[in-house]
Structure formats: structure tokens, C-alpha cells
Amino acid sequence: MKRFFLTQILFLAILSSCGNDQESTPTPTSQATDISTTTTIASTTTTTTSTTTTTTSTTTTTTTLAPKPPSISDLLDAPYPLNIAHAGGDQDYPHSTMYAFQQAVIEGADILEMDVRITADGVLVVHHDETVDGNTGVSGTVSEMTVAELQLLDNAWWWSPTCWPCRDLGEGDYPLRGVRTGDTSPPDGFTSEDFRIETFFDIASAFPEMPLDIEIKDEGALASEAITALISNIEALDRHDSVIVASFSSDVIAEFKQAAGPDIATSPGTDEMVAWVLNGEPLGDHAVVQVPPFYGEVEVLVPSFFEAAKTAGVDVWVWMSDTTQENYEYYLELVSMGADGIINGRPEAMEQVSSSS
């Protein structure tokens, strides 16, 4: 990890060294009172007295707290471009799986990006599409299925290292297909459960040291349910300052901000962005704008956009609008243009960019 994570590790190491168990020190155990002799003409009487001291040992127990992630404010001050792993790095690993997020952390991601949706039984899951078809190979709508039903599915069914999201390749081009169902052996150190659809709570709990970029995908009444569940999870995990929340819908972001209050960082929705960029209307209280290089045929990342972002006091995080952009050279180009963070599908390649900046 970068300097923030290293600082936490150093702090914990110091904390542990200061609280190591102390060896017990024995107290001197015995002192013999020597012979007291009384002499008379008739006889000699000898009296011996001994004193025993009890040895006491003390053990000190040190409690090590769980690592606390850098805050979003901390990351905005970083002197390097942020490595933000999109769905755990979906070009290199199966989209939104525990396996992918774990690999992204190993490869140096600063932030884990994820999409969330609400299930039929009110659980927030990490999943991009409205349906499960694109990842799992079966049909179904996330909001109409329970979390138990969703977690039976193979979330790596359609993932391929040669082309994601291609669904017309040969059987051998999907190497992790069947791991979830036990038909294929998992990679070393992982289990079949690492390839299922995960809950937001479990992902956030698994990586307590990692900041999170969370996009609410639901709209309308489902979005309201998702907002309630997300705020509840954030409060339960004490994650107020280490997450940022986004949505394409400005209405969803407005509803979230009203419900959550000002302590959780947000990014603006599309309508607010358009009003700001095209009409010069002031940007709301947001920490970051998250944009693609192109919006349809419109080039977004022009010099005037970066100037407007600087004036508004927001950082610019860029997500890829085409899989052909997912490479070291393009990430580097975006950083040279002024991007503060890259929401990428290849965290190992982006780590090379961050390390060289």
C-alpha cells in the first residue's frame, strides 16, 4: 500500500512493541535465620527460624485494534494518482467477487470501487447489472431474488482474462467457470465462496483498511431501500469518513445526502454535472467528480473541465468508457492530463503509474 497504509502498519508495530508481555521477575525466595545459641552450664539449646517469601508474576495483555482506513480527505491530499480498482479490477479478475477485491488489494489498490443493489429481502449486494444474466449465466432480477438465492450463483461464469465482457468465446476461455459450484478447483488460498455474489457488508468487513467508492445502481423506490441499507451498514461499520457514494442519478444522490447528512463524501449525478459544466451552475457539496474520458461522442477531459474542477475544489476521478482504454499507457495519459484518480480494471498496471508519479 501507499504511505497511508504503511503508516498504519508502523503505528500498530510500535503499539505492539510497547505492550509486549513482561517476563515475571522472581523475588528473593528464602532467608535462613541462623543459629541462635544460648549456653548454660548444663546444656546447649539451638533454635532455627526460617522465612518464606511468595513469588508473584505479572502478565500484561496488549489489545491490537483493527486497522483504520485512510479517510477520503486523506486520499484527496495524496501526492500521487489514486489506484481505484473498478469492481476489484474486472479486466484481470471476475467482476465484483471477493477473489477480485483480494487480488486488487495485493496489487496495490488505494480504493475499492463497487456497485450496490438491494435484494428482495432487503440486503445490499455488490452487483452492477439489474439482472444476474451478464455475470452468472442464468437469468434473474437482483431485486426479485433473495440474497440466499443470489449467492448460489456462479459469479465468474462469464469472466475471461482474454476478453471481458465477451460471452461468445470457447469453453476453455472461461477458466474460473464452475469454481463456485465445485466443478472447478479454486485458485490456491481461495474457496468456492470467493466466487459468489457478495453482500456489501461482507466486502466492507473483509477489508477494514480499505476506503470504498460505492455507486448506488438502483433507482426509484429500490434506490430508497438501498440508501437506507447502505447508511445502516456504514454506521454499523463506522465507515463515515472512509467511503464516497456516487450514482448516475442526481435525485438518488440528493436523497442520500438528505438521509445521511454531511459527514459522508459524495460525487454528483449526471444532471448536476451537466448543469455545472454546460450552464455554469455551482456544484453542490461534493468531494470528487467521477467521469469518463468520453460521454457518447463528447470529449469530457478537455483543459477547461480540469480548470472548472480546480475552481470548484473537487478532485477528478476517471472511469473507462471502453475496454480498449484499460492499459498502462492510457492510464498514464489520463494522469498527465490532470486526473487525480483512475477507476481501472487493471490495478497492477495502474500501480505502476502511481509508483512512477
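Predicted model: local features only at pLDDT ≥ 70, side-chain atom pairs only at ≥ 80, totals over all residues.
Trainee: Why is Gln-290 called buried?

Mentor: Its relative accessibility is 18%, and buried means under 20%; Gln-290 therefore counts as buried. The residue is found in strand β9, which spans residues 288-291.

Trainee: What makes the pairing of the Gln-290 and Asp-213 side chains a polar contact?

Mentor: The two side chains are joined at 3.2 Å, and the cut-off for such a pair of N or O atoms is within 3.5 Å. Asp-213 is also listed among the contacts of Gln-290 beyond four places in sequence, which include Ile-244, Trp-317 and Ile-343.

Trainee: How do you know that the buried residues of helix α9 line one face?

Mentor: In α9, residues 270-279, the buried residues are Met-273, Ala-275 and Trp-276. Viewed down the helix axis, they fall within an arc of 165°, so they line one face. These buried residues pack against β9 and against α10 (303-312). On the other side of α9, Asp-271, Leu-278 and Asn-279 are exposed.

Trainee: Why is Leu-278 called exposed?

Mentor: Its relative accessible area is 67%, and exposed means over 50%; Leu-278 is therefore exposed.

Note on methods. Residues numbered from 1 in each chain as written. Heavy atoms only, no water. Helix = DSSP H or I, 4+ residues; strand = E, 2+ residues; numbered from the N terminus. Buried < 20%, exposed > 50% of the residue type's maximum accessible area, 1.4 Å probe, protein only. Polar contact = N/O pair within 3.5 Å; in protein donor to acceptor, adjacent residues only side chain to side chain. Contact = heavy atoms within 4.5 Å. Arc of directions from axis to C-beta.
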